[in-house]
Amino acid sequence: MIRVVLPFHLRTLAGVDGEVKLEVNGAVTQRSILDALEARYPMLCGTIRDHVTQQRRAFVRFFACEEDVSHESPDAPLPEAVASGAEPFLVIGAIAGG
Amino acid sequence: MSTVRVLVGTRKGAFILTSDGKRERWDVDGPHFGGWEIYHMKGSPVDPNRLYASQSSGWFGQIIQRSSDGGKTWEQPGTKPGEPTTNPDGSPMGQSNKFVYDTSSATGKPLTTHQFYDGTQHPWEFKRVWHLEPSLTDPDTVYAGVEDAALFRTTDGAKNWQELSGLRGHGTGPKWQPGAGGMCLHTILLDPSNPERMFIAISAAGAFRTDDGGNTWRPINKGLQSQYIPDPNAEVGFCVHRLAMNRSRPNVLFMQLHWHVMRSDNSGDSWQKVSGNLPTDFGFPIEVHAHEPNTVYVVPIKSDSLHYPPDGKLRVYRSRTGGNEWEALTNGLPQRDCYVNVLRDAMAVDSLDSCGIYFGTSGGQVYASADAGDHWAPIVRDLPPVVSVEVQTLP
């Protein structure tokens, strides 16, 4: 099971509390996690990545094992700790300004 | 007795204010969608319990919400968790927040760029929905005015949206440019006497009209003046802030232009200035009395640099002569130290016999008058900054 932590507003949209647990088929990557997340919670389509281009929205960031992986390829394998469920995949609303 | 429901969109959520026809005691329900910007909410004239809301965030983008019970509960159309996300043919199920500009060859236009702040050409980029206008005849059909300026329509209750690309494609698109608030399509007026006719307005492009249900459009800006546009015959480029009409006389339009209050008696073919004795003719909202088509309301704002009322006095101005002659309405409104703004979609009227008028401010107040503006009182004082106000009059 992959563990995903969503920011407050997306948890509210999806109607979930706490972490989301997902089955991901094949390699565990940003894309495969988001595909599984949007399939389970279609109301999140377009809120994390663009509907058409599939690019990450500008003020959304991805973290894994305390590393910012936002600029990694969406098809790059995520750390084994995320793939095994030992660590969550974090979707963060970026904070800017004071 | 009738009920009045005031739909208030704010920077931090939606609120629904309800009263009986006396409009003296109000129930305040909300916030709905707390923390999200609600640019607009509006109910279907056919089914008043069918509401649509534009919910947006700089982080997470656009969401469309729909209610079938007058705002008690809401859903994102077509996106229930656990349901299939594709149709049997593999096409996606409802994607209520998917606003994709039409670039198909079938429409015959590349629809690629508009003028940016620095004068260069810039590609259209969807940012948010500013205005939702439900159809006058079908609760599942809604028009959406978006930024960057374009008009979309749904015919399935907001599950899917398609652009009416004839508007952007009619030829002047490369000359449109964003106003200070962005390049937004903020006004959609449906002609109750002609289902093929509708009016829209864009800041800063101008006003446009279709006479064939949205397939083709033409600018209707003749007579508008702008100090920033030296060409007196410019077809587009005008920073129209809002349009208004009375349903009984849809060929007469009123406009709050960036500067100047304007009137057209021929469905926008030409405009005349009717600012008259207003203390300043800069402002955002404009509205028409529900039963008196010559009674018009504006909220003068000191200037485009200051965006607050002159002299610290919040005054609605009313003309009972269709413009030019204006009177200040002040009873119950703050007449000192008031520096709020009233945004373009933040004023509306009810349709009770004694017409009520309502507006919301950037300070979070929603004021109501049950006697056409003679007396005012706040319904609420401390909401987040108000972006939009709509009113439903329920039997």
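Start with chain B. For its 395 residues, a compact globule would have a radius of gyration near 21 Å, and chain B has 20 Å, so the two agree; the radius is taken over C-alpha atoms, and the globule rule is 2.2 Å times the number of residues to the power 0.38. Before going on: this is a predicted model, in which local features need pLDDT of at least 70 and side-chain atom pairs count only at pLDDT 80 or more, while totals for chains, interfaces and linings use all residues. Residues are numbered from 1 along each chain as its sequence is written, with chains lettered from A and ligands numbered from 1 in the order in which they are written.

**Stop 1: chain B as a whole.** Color by secondary structure and you'll find 29 strands and zero helices; strands are DSSP E runs of at least two residues, helices are H or I runs of at least four, and both are numbered from the N terminus. The C-alpha trace spans about 60 × 50 × 40 Å along its principal axes.

**Stop 2: the hairpin.** Select 357-360 and 366-369 of chain B: these are β26(B) and β27(B), joined by four bridges and running antiparallel. Strands count as paired if DSSP finds at least two bridges between them. Five residues sit between the two strands of this hairpin, and Gly364(B) in the turn has a positive phi of about 90°. Look for Gly360(B) opposite Val366(B).

Stop 3: Which residues does Tyr358(B) touch, leaving aside neighbours within four places in sequence? Among them are Val6(B), Met347(B), Val366(B) and Val389(B), where contact means C-beta atoms, placed from the backbone, within 7 Å. Tyr358(B) is also among the residues with the most contacts inside the largest nonpolar core, which has 135 residues. Such a core is a set of buried Ala, Val, Leu, Ile, Met, Phe, Trp, Tyr and Cys residues joined through C-beta atoms within 7 Å.

**Stop 4: another covered strand.** Select 240-245 of chain B, strand β17, where six of six residues are buried. Five bridges tie β17(B) to β18 (253-257), running antiparallel, and Ala244(B) has Phe254(B) as its bridge partner.

**Stop 5: across to chain A.** Where the chains meet, 16 residues of chain B contact 19 of chain A. Chain A has three helices and five strands, in the pattern β-α-β-α-β-β-α-β along the sequence. The five strands make an open, mixed sheet in the order β2-β1-β5-β3-β4, with β2 (20-22) and β4 (67-68) at the edges, each pairing on one side only. Inside the sheet, β1 (2-5) and β5 (89-93) of chain A run parallel with two bridges, and Val5(A) stands opposite Leu90(A).

Terms used:
A residue is buried if 20 or more other C-beta atoms lie within 10 Å of its own, exposed if 12 or fewer, and partly exposed in between; C-beta atoms are placed from the backbone. Two residues are in contact if their C-beta atoms, placed from the backbone, lie within 7 Å.
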